[in-house]
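Trainee: I am new to reading structures. Could we go through this one feature by feature?

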Amino acid sequence: MNMKRTFILMLAMSSLCAMAQIEDNGHHSKGEKCSKCAHHTQGEQCGKDGQCAHHRIPLVYDVENTGSGVNPVLPVFTESRKCESLPDPLEWSDGKGRVSSFKDWWKRRGEIAREIQHYEIGTKPAVALSNIEAMMDGDTLKVNVTVNGETLHLSATIRYPKTGKAPYPLMIGTSHLTLPDTLFATRPIARMNFHERQVNNYSQFGKPSGRGNYEFDRLYPELTENGAYSEWAWGLSRLLDGLQLLGPEKTKIDMQHIGVSGCSYAGKMALFCGAFDERVALTIAQEPGGGGAAVWRYSHWMNIQPGAEAVEDLDRTDYHWFKESMRTTYGGDSVAYLPHDHHELVAMICPRAVLMLGNPDYRWLADPSGYVSMNAAIKVWEQFGIDDRAGYSIVAGHGHCQLPEVQYPEVAAYLDKFLLGNENVNTHVRIAPADYSDIDLGKWIKY
């Protein structure tokens, strides 16, 4: 397939800073430069501290959820507004205005998190660090989580790099890491797999325990309506709790540079894990398909076109992963009443970094919908002048979950900038098939 590779060259930030609307912005005159990056051109904006947005806005946080106390309006179906285009991720849940300043984004992100849990995946419960016990057994991290008198055991082995010095950045594979070993051979990045079956052993193959009988359910018997993605995200967060409690002296891991990545159903898992834990600096979602980066609304529209070949949409996904009530309430044309969509799941990662990797050879993945979603989500990073932290690369000509060499540079750039701290690489990635330019983004993104 003829590909349109709009891989626009940038060195950290270009005139995109002019698009930011951030509290206390100053304004550079021609020739003035940010005191840190020195990459500004005419018309760019910086704060009064002389630093541009991508230096003043954090790349990661040291807490799981900065918006844990947010309680938005959560209308029932009969009270919901019909929205056939994509909801504005910057608009407050009550419809009264929208976020313009980064200082308010934490609260809006908290609203989105509550909406997605309420309507789609179920509750991801918070856990006090006092309920966590952690230890290193050789290179294996072991974590015990005790809630309601029940204890769940997690373990994951860390593979340390043969280069560099501790503490190391860490890339966590959801289920397993499908990114090629070649990308890590010369980079001082540790790797670890999150074994989601230790929390919820649902699989489309084999015989899972079933709702109400998973390990997670022993701790939270009141949450049996949950879908797997809330529980898997909960489990990965508990591993991060363990790393945080032990500290770099024992783990040799740098908590400021944690990444997650997975492919297919595990690509969706990576998105949910990255979105719902702000200690994750980088999320790479490989071929996540419907229920991942793709928006439910556009995927539904694709399926109702005459002669359409089916893609994964809200009616055609696996409801072990999601709340059954989402299908019964928002299936079919009723998806237009769903208060959120998956561009907002992606946007929850802001101001941290995300890269979505697509494969249009597999129509079921609904990559045109992922393309719409990523363009819609990136508007949030653009709002704050940091859109070099979000990108997509949708490339054909390879097997499912088999990253082709042509996509190595994009992945390498994100690893280098957001896990290794090299700012002099291009992460402004917008790569899609040429015929995606025929998609009317304005029909779906009206903000």
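Mentor: We can begin with a single residue and its neighbours. This is a predicted model. In it, Q407 touches L357, G358, S393, I394, V395 and H398, leaving aside residues up to four places away in sequence.

Trainee: Does Q407 count as buried or exposed?

Mentor: The cut-off for buried is under 20% relative accessible area. Q407 has 1% relative accessibility, so Q407 counts as buried.

Trainee: How much of the whole chain counts as buried?

Mentor: Of its 447 residues, 59% count as buried. The accessible surface of the chain is about 17400 Å², and carbon and sulfur atoms account for 49% of that.

Trainee: What does the chain contain in the way of helices and strands?

Mentor: There are 12 helices and 11 strands in the chain. As for contacts between residues at least 6 apart in sequence, 71% of them join residues at least 24 apart.

Trainee: How is empty space found?

Mentor: A probe the size of a water molecule is rolled over the atoms, and this shows where empty space is left. Here the largest pocket has a volume of about 490 Å³.

Trainee: Which residues lie nearest the centre of the largest pocket?

Mentor: They are R114, Q117, T123, K124 and P125, out of 23 residues that line the largest pocket. The lining of this pocket has 10 polar, seven charged and six nonpolar residues.

Trainee: What is the volume of the second largest pocket?

Mentor: The second largest pocket holds about 340 Å³ of space. Its lining is made up of 21 residues, and R81, P87, E91, S93 and P339 are the closest to its centre. By class, the lining of the second largest pocket divides into 10 charged, eight nonpolar and three polar residues.

Trainee: Then there are cavities. How many of 30 Å³ or more are found in the whole structure?

Mentor: A pocket is open, whereas in a cavity the probe fits but cannot get out. The search of the whole structure finds one cavity of 30 Å³ or more. The largest cavity has a volume of about 40 Å³.

Trainee: Which residues line the largest cavity?

Mentor: The lining consists of N200, R211, Y214, D217, T224, N226, G227, A228, E231 and H320. By class, five residues in the lining of the largest cavity are polar, three are charged and two are nonpolar.

How values were computed: Residues are numbered from 1 along each chain as its sequence is written. This is a predicted model: local features need pLDDT of at least 70, side-chain atom pairs count only at pLDDT 80 or more; totals for chains, interfaces and linings use all residues. Side-chain values use heavy atoms; hydrogens and water are left out. Buried means under 20% relative accessible area, exposed over 50%, partly exposed in between (1.4 Å probe, protein chains only). Contact means heavy atoms within 4.5 Å. On a 1 Å grid over the protein atoms alone, a cavity is a set of points where a 1.4 Å probe fits but cannot get out, and a pocket is an open set with protein on both sides within 12 Å along at least five of seven lines; lining residues have an atom within 4 Å of a point. Grid points are joined across faces, edges and corners, and a volume is the space filled by probe spheres set on the points. Ala, Val, Leu, Ile, Met, Phe, Trp, Tyr, Cys and Pro count as nonpolar, Asp, Glu, Lys and Arg as charged, and the others, Gly among them, as polar. Helices (H or I, at least four residues) and strands (E, at least two) are DSSP runs, numbered from the N terminus. Accessible areas come from the Shrake-Rupley method with a 1.4 Å probe; for residues, only the protein chains shown count as cover.
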